[in-house]
Amino acid sequence: MKRWLSGVAVMGGATMVMLSVAAWTKPDKAKQDRAAQIARGRFLMLSHDCGDCHGGVVDPSQKGWLTGVRGPSQEFKIGPCYVDPAAKPCFTTRPKNLTPDNATGTGRFTERQIFNALRYGLRPEETPDVEITSTTPGQGNFPLHPHYLAPPMPWWSWRHMPDEDLRAIAAYIKGGLKPQTNKVLDSEGPPDFWASEYTVEKIGPYPAKSYPQSETERQ
Amino acid sequence: MTRRTLRLHVALLAAVVSPVLHAESQEHSHTASVSEVIPVERAPGPAVLRNESRAPHTVEVTITAEPVRLSMIPGKSTVGYAYNGRVPGPLLEVYEGDKVIVHFRNRLPEASTIHWHGLHIPNAFDGSPFHPVAAGADFDYVFTLQKGSAGTYWYHPHPDHNTGSQIARGLFGSLIVRDRNDPLRGIPEKLIVLSDNRFRPDGSIDIADPESMQGGIDFENGRECSHIFVNGQIEPTITIRPGEVQRWRVINASAARVFRLAIPGQTMLHVGSDGGLFEHPVEVNDIVLANSERIELLVKGTGAPGSATVLQTLPYDRYSPQTRPQDWDKPRDLLKLRYTAWPLSRPVVIPASLRAIPAIDTSLAVRTRVFALGQGFINGKLHDMNRVDETGKLGDVEIWEIENIVGMDHPFHLHGFQFQVIDRDGKPEPFRSWKDTINVPKHSTVRIIVRLADFAGKWMYHCHILDHEDHGMMGVLEVN
């Protein structure tokens, strides 16, 4: 009886081991997909040269990768002062810390807010975490008074990237980076938060007109 | 002298900031139906609501909200809203332990409420958006004021998405809860209700079209306006005797303006804030008073007989760099402080100890909640009346970590419960006080501790910049 019991115990133990081995070896689809998404996001951020402005480092193995500006030499002067330092208006803009630090980086933003920043140019700390279905202010959750990312962030180019690519970038920022503390001062700008610079006439429609559509593009 | 000029004369002579009257004094307010036009005159200092009850420890008053025509700025008449025909509304003055019955008559063309800002009272009488009073309807607010609640409060409407416009039209009033053993009793008091407003050339109240540029700037900064009022008047005069000490209770009833109060060349004693007196007076050069906060000050008459000075608001940079108003960095005079020719012979003794404020022990806290304040939303979410954002247990002690992640200040208000500040950006609060509103400066974190005592229900917490609140920078805490 005792032997029988211990046999059951051994069998039970073996089953548990087998089960846990199965769990260990069974491919976790969601985890794998996430890892692939993060890797894709990393590739996209490398190939789009995000690090050059957001920290001045283009190699992820170097200190400062995507941690934002560190000092005035990495700031931008936007406006007529770009040519003549005394000219006005002159707005100092500063690429942000993209690592997921709560206090100084992207820790308080969701991946959807980062997606909305890349797709619509909306500053995540000043745009609610909602799905946006329109580009007309006040409609489809698009803010009535949008706060756009400061120049020279070329979001109007990135917005034509596929959804899954923008989501991959957001996934890498939130899931592939360690939080780094680097407080970047707020960018300056006009009171309309650049809305008059980002009209359809200036940056083109979204989504872009179907190919071909201009004299430059082949018919 | 004609009646009209006499009235003007009296208005000029009377300390515009009238001494707080006592409950037995008559209320002189007009009440008018919607169609009746109120004669144009300058609003005097706050009147006191007349107690209609003869029962002991009971204060029963009637407050009617209705459209009125008033003279808010010189030479113009303005159609606004008023409580009992006055802007600011009359003072409700009660004692700790009193049962308060307010018969609210809503004679506005829209739904409203009366929110008793800062009072620890049952949820059904908080006047939150969950309990609207329809146009033309009546509602009785009934509550009893607990021991220890003595302080300076205010009341204002709080209808869903419509608080800013109703306060801008004139609906706000003051409330003082008194302690029969007030350590500062005998010191003369002045009540100072600060507000601001903006007018069109015809005198009408200018509330910008939300789609306009001004509407956008009002959304960013909150509706900060050119005309600053002290008890409904522009740059009035307070008189003080040399050597005298006056207790000023100051309420910031503006939609968004933050005041930084100072009297040039002299210090003040800061003796209290939202929930009453501190433990000890604190000597200060200036005090930042965010919108909807209150302070109590002791002002010492250190000037020479016959001289004059001013109460100023100094520059305070609460703004994001994009939308700083043009003259934000210039001081502005709020009122004149004129010294009489007759000094006070007997020196005033200011007690070194005011009262004991027991600390809420942080080790009792059962949880810490984090609130990230964005620009117009909290934790990424816009307010939804059909959603409960946080649930809490009645009697629990909680720490709230309120983190401002954007480049402008947001004053955070919790309904129903007074709290204590633990630290700001990790720096321990130097002295204890009871607060219901805390300004969270740009890119900073404030930790508060609160006991969700006595009253269950759905309680609002929100940014008290009214434009942000109405946009949806608000959440619901359900206490069960």
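Author: What follows starts from the nonpolar cores and then turns to a helix, the strands and the contact between the chains. The model is predicted.

The largest nonpolar core has 103 residues. Those with the most contacts inside this core are B:L175, B:L194 and B:V250. The element that gives the most to this core is strand β1 of chain B, residues 58-70, with six residues.

Setting aside its neighbours within four places in sequence, B:L194 is in contact with B:V230, B:V250, B:I251, B:N252, B:A253, B:S254 and B:F259.

Another core, of 26 residues, lies apart from the largest one. Its members include A:F109, A:I114, A:A117 and A:A171.

Two of these, A:I114 and A:A117, are among the buried residues of helix α4 of chain A. This helix spans residues 111-120 and is mostly covered, with eight of its ten residues buried. Besides A:I114 and A:A117, the buried residues are A:Q113, A:F115, A:N116, A:L118, A:R119 and A:Y120. They pack against α5 (155-158) and α6 (163-175) of chain A. After α4(A) comes A:G121, with a positive phi near 75°.

Chain B also has paired strands to consider. Strands β14 (residues 268-273) and β15 (residues 276-284) of chain B run antiparallel and are joined by five bridges. A hairpin of two residues connects β14(B) to β15(B). B:L269 has B:E283 as its bridge partner in β15(B).

Elsewhere in chain B, five strands form an open sheet with mixed pairing, in the order β20-β22-β27-β24-β25. The edges are β20 (367-373) and β25 (427-428) of chain B; each has a single partner strand, so one side of each is left without a neighbour in the sheet.

The last point is where the chains meet. In chain A, 17 residues are in contact with 19 residues of chain B. On the side of chain A that touches chain B, five residues are nonpolar, five are polar and seven are charged.

Conventions
Residues numbered from 1 in each chain as written. Chains lettered and ligands numbered in written order. Predicted model: local features only at pLDDT ≥ 70, side-chain atom pairs only at ≥ 80, totals over all residues. Core = buried A, V, L, I, M, F, W, Y, C linked by C-beta atoms within 7 Å. Buried ≥ 20, exposed ≤ 12 C-beta atoms within 10 Å, placed from the backbone. Helix = DSSP H or I, 4+ residues; strand = E, 2+ residues; numbered from the N terminus. Contact = placed C-beta atoms within 7 Å. Pairing = 2+ DSSP bridges. Nonpolar A, V, L, I, M, F, W, Y, C, P; charged D, E, K, R; others polar.
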